[in-house]
Amino acid sequence: MTGADLLLIALGAVAVGSGVLVVTTKHLVRAGLYLVVCLGALAGDYLVLGAELVAWVQVLIYVGAVVVLLLFAVMLTRAPIGASDDLDRPGWPAALIGGGAGLGLTVLLVDAYRWSTVALAEAGTAERLGEQIFRSWVLPFEVLSVLLLSALVGAVVLSRPDIGRPAPAADRTAAPGGVDVETGGRR
Amino acid sequence: MSPSYLAQDPTLADFGRDPWWLVLIKIVFAFAFGLLATLLGVWFERRVVGYMQVRPGPNQVGPFGLLQTLADGLKMAFKEDILPKAADKVVYFFAPTISVICAVTALSVVPFGPMVSIFGHHTPLQVTDVPVAVLVLLACSSMGVYGIVLGGWASGSTYPLLGGLRSSAQMISYEVAMGLSIVAVFMTAGTMSTSGIVAQQGHGTELTIFGNSIPAPGWYAILLLPSFIIFFISTVGETNRAPFDLPEAESELVAGFMTEYSSLKFALFMLSEYVAMVTMSAVTTTLFLGGWRAPWPITIWEGANSGWWPMLWFFGKVIALVFVFVWLRGTLPRLRYDQFMRFGWKVLLPINLVWILVLSGLRSIEDWDSRGKLIAVGIPAGILLVATLFWPNRRPQPKPTTQEQVDNRPYGSFPLPPMDLQVPPSPRITRVVAEREPANIATGSDSREV
């Protein structure tokens, strides 16, 4: 067992531990911070494996943008300092699903690869990743980007009340005499 | 030992070979550079802003007031460290540290110079370099948001929370513009390592115009001018400097996220702000201004780009950029928040995208000579300019009256009082006036004040 292996296992343990803390802690914002630790440890794992590009993109996108946005949203609505005792949703269904999925995947992977060794080309360079993504996997990549775009448009539509709803102004002008009552300005 | 290696550019293979003491020296040097730059940067900013505002600035402590920042730092260390009762203690303690660490870490991939000889080892003047060094820079600056947003939240009070929220929105918005403007640099340099980008800016292409060959400059600030401008603007936004210092707008938010901070924790926030400013200047220098390479008139001297001299050019460029930061602060008033956001998302981002599209289009035409490229750029640019010049003025839309605005509010808005409401004088006021007895001076009592 080399030092790199030890580091990999240690970082993996940190990732799993902080992942558990994310879902068990009663502190709302600290859950987000544990998520940062979890994703950061994962980035460290990538780094140990030699995939520098993926590691730093992980830090840049997930740690630097996604969780910040998550914290941002939490703080916009409610970000209590200290424990929130009203987070009392039963955790066992999620634990069952998550544990089952994790265990199933582990068993599947271990069974699939059992003792076989796979020769990997040197991983992690931007060139190789670019070639793979934009040659072999270009269709999933594009489909994913369309998915993200539609999510973006959907979010915009949901957050703006003046899109996609019948305008009440038309009704107001159609009904003569009722203008003053309907405007809302004179209530 | 021949001095030939001195002139060589470091490549990625030159990194990771240093003995441990050399690595330590480099790290300590980069750290000391950050701290010293802060000490001098605060002084420099106060003096320059003072000069711009026709006042002396700090000039009492030490020669030219150079030790003023040191004195202020000492004073801050002896102040009481206040911990708000409602604060989240752990996060409140760590937030300034996160800010400083992120700002300093970015310095580790900034090349300060070429290969030099330190105690017999020849080594690049850079702590380390990785194939994706620019991503490390971006990651560091995006992690810096945590210090601010957590500091604002953990203070447990309203203004810091608002300041922290503002800053996270601001930094995320301007990071997008920043990342996109670096994309142009990647595409042109073909590498993401900082030393590689500096090396690429060393050799410019030869432009042949009317039979004369003119050496075109290799700096990306000139080749990729739109990217450079956008990058610098988003750098100012990213470091929370005026005119984009909305997270700490004192007229709206007291001091923003650092309102509750005092003593050394406040000093750490200050430190991180100035280190970030210097780091960003260094990064701009590296990516766009040729890094440690000497500017044109100096390059006539052949030894300009070898040995320890490049460090001087590098520091010169960094100081010039810091001066621009200070200049902006002394010149421009703070933007309003919505203007700032509109600028980032509706101006910088589309321009950036179009520019990247144009650039990649140009780069895909490889078999053209430089003159053909020049024509290919020049004609559309000219058409664009003429079109902008003769574009019919957009007639300003007639402003809706107050009543129209009220009528057009979406259904379910808060009720408003009528616009022409006449508020009758309160009956209570007349009663008070009526009840007051006329002052009677004739009684001569001194105790009664009229």
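Residues are numbered from 1 along each chain as its sequence is written, and chains are lettered from A, and ligands numbered from 1, in the order in which they are written. Because the model is predicted, local features need pLDDT of at least 70 and side-chain atom pairs count only at pLDDT 80 or more, whereas totals for chains, interfaces and linings use all residues.

The model scores ipTM 0.71 and pTM 0.75. Over residues 1-7 of chain B, pLDDT stays under 50. For that stretch the model has seven contacts beyond four places in sequence. Two residues are in contact if their C-beta atoms, placed from the backbone, lie within 7 Å.

Chain A contains eight helices and zero strands. Helices (H or I, at least four residues) and strands (E, at least two) are DSSP runs, numbered from the N terminus. Of the 187 residues in chain A, 18% are buried. A residue is buried if 20 or more other C-beta atoms lie within 10 Å of its own, exposed if 12 or fewer, and partly exposed in between; C-beta atoms are placed from the backbone. Among chain A contacts between residues at least 6 apart in sequence, 57% join residues at least 24 apart.

Chain B has 16 helices and four strands. Its 450 residues are 38% buried. Residues 24 or more positions apart account for 75% of the chain B contacts with a separation of 6 or more.

The largest nonpolar core has 125 residues. Such a core is a set of buried Ala, Val, Leu, Ile, Met, Phe, Trp, Tyr and Cys residues joined through C-beta atoms within 7 Å. Among the residues with the most contacts inside it are A:Trp56, B:Val132 and B:Val275. Helix H4 (residues 133-154) of chain B gives the most to this core, with 16 residues. Leaving aside neighbours within four places in sequence, B:Val132 touches A:Glu52, A:Leu53, A:Trp56, A:Ala126 and B:Met192.

Helix H1 of chain B covers residues 20-52. Its 33 residues should span 48 Å at 1.5 Å a residue, and its end C-alpha atoms are 46 Å apart, which agrees. The expected span is 1.5 Å times one less than the number of residues. Buried residues of H1(B) include B:Phe33, B:Trp43 and B:Glu45. Their cover includes helix H2 (68-77), helix H3 (89-105), helix H10 (263-288) and helix H12 (309-331) of chain B. After H1(B) comes B:Val54, with a positive phi near 55 degrees.

Helix H8 (residues 225-238) of chain B is largely enclosed by the rest of the structure, because 11 of its 14 residues are buried. Among them are B:Phe228, B:Phe231 and B:Phe232. The buried residues of H8(B) pack against H4, helix H5 (158-189), helix H7 (220-223), H10, H12 and helix H13 (337-364) of chain B. Just after H8(B), B:Asn240 takes a positive phi of about 60 degrees.

Key. pLDDT is the predictor's confidence in each residue, from 0 to 100.
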